[in-house]
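Hello,

Here is the structure I promised to pass on. Please open it alongside this email.

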Number of protein chains: 2
Amino acid sequence: MPEYHAPIDDIQFILAEVLDVGQLARLPGYEEATPDVLAAVIEEGGKFCEQVLAPLNQSGDAQGCAYDQGHVTTPDGFKEAYAQYCEAGWPAMTAAPEHGGQGLPHLTRFVLDEMLCSSNLSFSMYPELSHGATSLLEHWANDDLKSRFLGRVVDGSWGGTMCLTEPHAGTDLGLIRTRAEPAGDGTYRVTGTKIFISAGEHDLTENIVHLVLAKLPNAPAGTRGISVFLVPKLISGANGALEPNGVRCGSIEHKMGIRGNATCVMNFDNARAWLVGEENKGMRAMFTMMNGARLGVGMQGLGLAEVSYQNAVRYARERLQGRAPGTEHSPQEADPIVMQPDVRRMLMTCKAYTEGMRALAYWVCMLLDVEEHHAEQSERDAASDLLALMTPVVKAFLTDVGFECTNLALQCYGGHGYIREYGMEQFVRDARIAQIYEGTNGVQAMDLLGRKVPEGDGRLVKRFAALLQKELEGAQQSDSARVKALGAALAPAATALQRATMSIMTRAATDVNELGAVAADYLRMFGLVATGWMWLRMASASRAADTPMRSDKLATAEFFMAKLLPQTRSLEAQINAGAAPVMAVEF
Amino acid sequence: MPEYHAPIDDIQFILAEVLDVGQLARLPGYEEATPDVLAAVIEEGGKFCEQVLAPLNQSGDAQGCAYDQGHVTTPDGFKEAYAQYCEAGWPAMTAAPEHGGQGLPHLTRFVLDEMLCSSNLSFSMYPELSHGATSLLEHWANDDLKSRFLGRVVDGSWGGTMCLTEPHAGTDLGLIRTRAEPAGDGTYRVTGTKIFISAGEHDLTENIVHLVLAKLPNAPAGTRGISVFLVPKLISGANGALEPNGVRCGSIEHKMGIRGNATCVMNFDNARAWLVGEENKGMRAMFTMMNGARLGVGMQGLGLAEVSYQNAVRYARERLQGRAPGTEHSPQEADPIVMQPDVRRMLMTCKAYTEGMRALAYWVCMLLDVEEHHAEQSERDAASDLLALMTPVVKAFLTDVGFECTNLALQCYGGHGYIREYGMEQFVRDARIAQIYEGTNGVQAMDLLGRKVPEGDGRLVKRFAALLQKELEGAQQSDSARVKALGAALAPAATALQRATMSIMTRAATDVNELGAVAADYLRMFGLVATGWMWLRMASASRAADTPMRSDKLATAEFFMAKLLPQTRSLEAQINAGAAPVMAVEF
């Protein structure tokens with residue numbers, strides 16, 4: 001059975017030594033979020049994940065959710081764990097105090113998210129969806145709706161969902177057919193079928209607040225005619241008691257993984273609904289939820305990479321098999337496979353990706369806090385730009401690489417990795433979904449290259465390039481030869497990324513297929529350079545190499561630059577080949 | 001539900017236009033294996049796979065195998081399908097006529113293998129294991145054993161297995177503890193526990209012939225003290241009827257995939273056994289079986305890549321979602337996603353890999369026939385060298401890339417790819433094992449780089465380099481500008497591979513960890529160059545571009561060189577970074 005140990009030291013290293021998490025307490029409204037407070041919260045969260053959630057992960061997968069006549073039962077133990085989760089106040093962590101929240105920085109929740117995903121991805125999605133609903137309601141709901149619904153979602157006693165996809169409308173939400181009719185009393189009636197609704201129905205909460213995309217009569221075609229409605233599973237009846245609304249779970253999906261989370265078909269039949277925000281402005285509101293959710297999905301890739309890596313290291317240390325190079329004359333019959341260079345290659349790949357991605361993700365999540373809380377408009381704007389740029393990178397790069405890492409970790413187990421009992425194959429199955437939902441990674445790549453990169457004449461990328469440049473210049477002047485060498489390794493990749501950006505834009509001017517054809521390669525190149533930048537920052541923070549932690553970080557940074565960053569060379573060549581080879585064959 | 005259509009046209013293109021399959025009928029003993037005969041056999045095999053096996057693939061996965069008190073029941077329909085399989089004579093296809101076989105070329109069986117794996121990997125493993133047993137017995141058993149056992153395995157009425165792995169001994173077979181004691185009557189008694197035994201117990205055949213690695217008393221330590229024993233599940237009793245031997249299936253594994261195939265714990269308790277071949281020479285004999293099995297596992301990667309690609313194309317043609325670039329003013333609400341460049345990138349990647357790997361694999365499998373049948377010793381030697389060199393490449397490259405392709409195909413389905421009903425996630429789960437069994441891909445990489453490449457002062461690689469060079473020179477002189485350009489794209493990658501080989505050997509002279517640290521990157525580089533070579537051959541055969549097939553091949557070759565081959569650039573850089581970054585961190 002796999003184990004999970006919250007990587008508190010690695011997390012704290014990034015927060016304290018790389019990202020200067022102390023800056024959060026200097027932001028208005030976050031005065032109490034001192035590094036000590038955050039550290040204590042994170043440590044507490046880690047314990048909860050280790051002790052309560054991780055032990056339910058494998059059993060939850062084996063048992064799955066059960067569907068019976070509209071009702072969904074979650075796996076044994078989930079209900080009790082969820083009650084503990086709420087009792088400890090975790091759902092309210094980052095909500096605004098005026099809505100019953102604790103008002104902690106968003107970063108804290110994403111750190112918790114990583115640990116939730118490591119310990120039990122299926123479980124994590126129930127509160128994650130509720131959090132998305134909280135965030136949307138906080139931003140867009142009127143005071144009446146807030147007062148009626150928000151407090152219950154914030155304290156976790158009610159759940160939340162986002163109901164977007166329909167059988168014929170996934171990536172393209174403009175095609176949705178769910179419709180909302182005004183009821184004449186200020187409410188609406190929603191009718192339609194939604195699919196792939198995570199946590200759409202379950203037994204963890206008394207009620208569920210669905211946020212549903214639907215079209216009003218005579219709404220404009222496409223995404224400009226979409227509105228968001230709040231549709232509770234249960235509504236207050238005449239006597240104040242909760243009564244069923246016209247919402248029913250029609251079935252749950254049988255999936256490759258995340259089997260402990262209910263993925264529901266939701267049928268809305270004349271369900272009473274409340275408009276959230278303005279008519280036909282639903283996509284804008286939904287993106288409030290979706291951008292956070294995309295970062296959350298990135299944490300899923302990270303969390304699963306971390307936990308599978310931890311277990312692979314443990315297994316590789318214990319498994320005796322074959323002789324390691326240079327030990328031919330040793331008396332033992334066999335050496336632990338962790339001494340095999342090929343096993344180390346796999347472990348180091350996981351380690352270098354995972355820690356690099358963690359630093360990158362935490363940095364991006366902190367931008368959310370800066371964007372919302374910084375006193376200076378210019379700082380808020382900068383954070384907002386960088387956040388917009390990096391959100392698709394975090395979502396897609398972390399989930400693609402996260403999936404790769406779970407597979408490398410499985411491979412370290414040999415045949416045992418393929419057996420359910422050892423739990424490694426579950427991590428692979430669970431990780432696979434993250435590349436798909438909240439916008440497939442292909443959609444993320446187009447968001448990056450088609451929208452974020454060209455935005456404001458490249459304003460967003462220029463901001464990132466400036467940060468990168470500053471770090472590279474710092475490395476050049478570093479008193480550490482190792483940091484200098486790391487900067488020298490990263491610099492050509494950074495230049496290649498800029499060059500690729502320019503060459504794509506030039507070709508895109510005359511080829512409508514260019515962006516789509518190279519977007520995935522571009523996003524990966526971007527993710528590698530951004531992760532390399534983070535490793536350079538971690539290496540700079542470790543340049544003295546005077547503790548085991550710092551010397552480990554320096555060596556891992558060197559591995560990243562030597563063995564992973566070179567992918568940018570292939571990617572640049574593939575990008576430069578443009579769209580023609582992709583479009584030439586008839587399908 | 002996924003579909004499978006045997007890709008007969010693609011297969012025939014390779015056999016007829018690229019590999020000159022007519023040469024087989026010119027080999028002594030293969031006179032009747034004319035291209036027409038082979039084509040007819042392959043077409044018949046394709047129909048069987050499409051009509052009988054493919055419909056059982058998804059149900060077999062859902063149902064899995066059942067274990068009850070030593071007995072294993074295969075999924076519904078497997079027994080009947082196996083009976084049809086035997087009735088049609090498929091098990092006997094390539095066995096020698098003197099053992100009841102049809103004496104067809106090995107290539108034919110591997111082509112069938114590809115189709116078996118595409119249609120139903122779990123099913124395919126039952127006859128595949130029997131085939132391995134046939135091959136080992138044909139080469140190493142004495143006439144007495146052959147006459148008692150071989151005929152029944154060849155006609156499929158008895159199954160076969162290879163029992164190697166033990167709980168503490170997988171990659172390192174030198175650690176096995178199963179022992180064999182002489183019984184005094186020329187037979188032996190085998191005692192021990194084997195795990196991960198595919199098809200170790202099932203209800204498809206009357207009897208099962210286990211080929212078991214065990215140690216004789218006083219055998220030398222390690223792999224030099226291993227012998228092979230034939231241990232039947234049932235043995236002829238006093239009255240000639242079959243009676244149980246001391247072999248029992250203790251349990252079956254619950255696995256990520258290949259759930260229709262029984263992966264068994266096999267307990268041998270004083271089981272009557274016969275020595276196959278010489279005492280303590282078991283590893284050599286086992287490799288007869290294992291080398292063929294490794295090629296067979298390569299076909300698994302290929303077969304799953306093909307079938308998942310086929311389905312992804314079908315889905316992408318049918319699924320309407322979003323607007324394709326340049327269609328903004330079209331009246332349709334949405335376009336098929338096959339028009340999206342990013343979807344095409346995924347499909348083209350699958351297509352270019354799959355067809356390239358098919359050509360490579362078929363070429364390698366033909367070497368088996370040349371090695372065994374060619375009249376000239378020099379030709380047999382050349383084939384033998386190339387076969388030895390390419391076997392680990394086919395095993396590891398085709399299964400690594402095969403897994404990647406199943407994942408890309410799943411991705412084309414979006415959320416539907418993650419749902420069991422659509423069948424795509426089964427291909428991913430099934431494909432994952434092929435990177436592990438028959439020697440993990442890390443073991444294959446070390447076999448290539450640590451054993452095959454240095455062998456005879458590089459004799460094996462030089463043979464391959466000469467073939468490559470000849471093709472590159474041919475391309476240079478081609479009357480087709482497109483073929484010339486493809487050669488020009490491949491040439492630097494070929495040179496880089498040679499350069500990498502030299503640089504590795506130089507570093508390996510002073511660093512014991514070098515080979516292991518770069519072996520996986522080297523194997524991938526090798527596989528890419530070899531596949532590129534095959535694409536150049538396919539392109540040369542298509543240079544007239546005068547049929548849809550040929551023009552498709554040329555365009556796909558161009559995609560391969562532009563978008564996939566560039567990986568060699570990264571790989572060379574990663575290889576040149578050597579072992580140090582891999583070994584620096586303490587685990």
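Below are my notes on one helix, one strand and the contact between two chains. Keep in mind that this is a predicted model.

Helix α9 of chain B comes first. It covers residues 377–412. Its 36 residues should span 52 Å at 1.5 Å a residue, and the end C-alpha atoms are 49 Å apart, which agrees. The helix α9(B) does bend, by about 35° at M390(B). A proline, P392(B), follows within four residues. Of the 36 residues of α9(B), 28 are buried, so the rest of the structure largely encloses this helix. Just past α9(B), G414(B) has a positive phi of about 60°.

Next, strand β7 of chain B, residues 227–232. Six of its six residues are buried, so β7(B) too is largely enclosed by the rest of the structure. In a regular strand, side chains alternate between the two faces of the sheet. Here S227(B), F229(B) and V231(B) point one way, while V228(B), L230(B) and P232(B) point the other. The strand β7(B) has antiparallel partners. Six bridges join it to β6(B), with V212(B) paired to F229(B). Three bridges join β7(B) to β11(B), where W274(B) stands opposite L230(B).

Last, the contact between the chains. Chain B gives 71 residues and chain A gives 71 residues. Several helices of chain B supply at least two residues each, including α7, α8 and α14. The largest share on the chain B side, seven residues, comes from α15(B). That side divides into 34 nonpolar, 21 polar and 16 charged residues.

Best wishes

Conventions: Residues are numbered from 1 along each chain as its sequence is written. Chains are lettered from A and ligands numbered from 1 in the order in which they are written. This is a predicted model: local features need pLDDT of at least 70, side-chain atom pairs count only at pLDDT 80 or more; totals for chains, interfaces and linings use all residues. The expected span of a helix is 1.5 Å times one less than its number of residues. The bend at a residue is the angle between axes fitted to the seven residues ending there and the seven starting there. A residue is buried if 20 or more other C-beta atoms lie within 10 Å of its own, exposed if 12 or fewer, and partly exposed in between; C-beta atoms are placed from the backbone. Two residues are in contact if their C-beta atoms, placed from the backbone, lie within 7 Å. Ala, Val, Leu, Ile, Met, Phe, Trp, Tyr, Cys and Pro count as nonpolar, Asp, Glu, Lys and Arg as charged, and the others, Gly among them, as polar. Two strands pair if DSSP finds at least two bridges between them.
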